Amino acid sequence: MKNATFDVRALTRENFYAVLEPLARKEGELMLYNSAGGFEDIWKNGLIPRFEARYGVRVRYRNVRNGLANQQLIAVHKVRQNSPADVYLAGSSDNFAALSRNGVIADLDLGALLPELATVPRALTEVVFGVRTRGTWPVVHVGQTAIGYDSAVLPADQVPRSYEELLRWAQRNPGRFVMTSPAKGGAGGAFLFSAALHFAPDDACRTKLYRTQASPEDARSWAMSDPCLEAAWIYLRSLMKVSELANGNADTLNLINNGQATIGTVWEDQVLRFQRAQLVPPSLRLTLLASGEAASGDGLIVPANTTHPAAALLFIDMAFGKEFQAWKLATYGSRSLRPDVRAEQVLSTETAALMVPAAQYEKLSVPMNWAAARALTTAFEDKVLSQR
């Protein structure tokens, strides 16, 4: 952290606030880059007011797209200029390799340093969705994918509970299941990845789905040719012959809202936002298929050349505070890695009914690997969609 006016190596959890707070007040401001569109209200209504009131530091804010923001931060770092962002909600860890390889991310083990991350198991901060980030990319938001269904049309005892039951239901009800296109929405990519895990014939095949060292070219070659995936392709070809493909996460929910579909692939937190905005039926409910469905999330980083390092570290620390993490879960369905912020502890009965049941979440949530999902998406277009 080239602009730090404190000894970074001497910073500890014990002296964290005493060292950083007076320096942050002198810095006076920070710039937050946000790459998750659904997170804007969480920042503006939740953390930013709390942070400004606590520390007297102004937070400037900008929505960005990962690809463009990554390019900007890499280019600025290469010419040794100060970063335009002090804190970056950098998305899922599929962005880690490019940013880390180019030196953009401050080499700080935030999982071991931040006081508010003390409760989070080290395994969850050192490795993020299969990527070894060494604590530099702590996940501030966990989003769960699920199967959404209209309970006014489909009683709970008739809801498919496994991938095999889902196929049989779709065959009996052609066009009533909608899968988000993996190329256009994360819920579809997560469903594709989860199905590949389910139909993998053995542990060795499942391990391949979590490999992170392969190049994109190698990953695509694997997805196109590995026998481990053949059962998944057979299943998906059968499923897509009787199902609809939506052009995005919101489109899937719109089809259910318009009565054109009964079951679809969804994001849990997006469903909650849509329900509160009355954009989907109040009867929409969520379930996870047996053997599991993928969860992903978004991590916060500090650029190595941040202009306001003290304020940046305090902001990220507060983002992991128990009060804020519980508030965003209760208000926006954004789950937490903190073991003391659990849905059954903080959700009202009404909100809990709109999210994945707690027992299912504990047993059936599996970590996502977006590198594998992108490769599977390319193969899906060739092996499934071209044969519909």
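On a 1 Å grid over the protein atoms alone, a pocket is an open set of points where a 1.4 Å probe fits, with protein on both sides within 12 Å along at least five of seven lines, and its lining residues have an atom within 4 Å of a point. Grid points are joined across faces, edges and corners, and a volume is the space filled by probe spheres set on the points.

Good morning. The model is predicted, so local features need pLDDT of at least 70 and side-chain atom pairs count only at pLDDT 80 or more, while totals for chains, interfaces and linings use all residues. Residues are numbered from 1 along each chain as its sequence is written, and side-chain values use heavy atoms, with hydrogens and water left out.

I begin with the largest pocket, which holds about 980 Å³ of space. Of its 32 lining residues, Asn66, Gly186, Trp267, Asp298 and Trp370 are the closest to the centre. Which helix gives the most to this lining? Helix 19 does, with 4 residues. The lining comprises 9 nonpolar, 17 polar and 6 charged residues. In this count, Ala, Val, Leu, Ile, Met, Phe, Trp, Tyr, Cys and Pro are nonpolar, Asp, Glu, Lys and Arg are charged, and the others, Gly among them, are polar.

Strand 6 is among the elements that supply at least two lining residues, and threonine 145 has its place in that strand, residues 139–150. Is threonine 145 buried or exposed? Its relative accessible area is 2%, so it is buried; buried means under 20%, exposed over 50% and partly exposed in between, with a 1.4 Å probe and protein chains only. Beyond its neighbours within four places in sequence, threonine 145 has contacts that include Ala187, Trp267 and Ala294, where contact means heavy atoms within 4.5 Å. A polar atom of the threonine 145 side chain lies 2.4 Å from the backbone oxygen of alanine 294.

Two loop residues come next. Most residues other than glycine have a negative phi. Arginine 80, in the loop between helix 3 and strand 3, has a positive phi of about 60 degrees. Glutamine 278, in the loop between helix 13 and strand 10, likewise has a positive phi, near 60 degrees. Arginine 80 is exposed at 72% relative accessibility, and glutamine 278 is exposed at 70%.

Terms used:
Polar contact = N/O pair within 3.5 Å; in protein donor to acceptor, adjacent residues only side chain to side chain.
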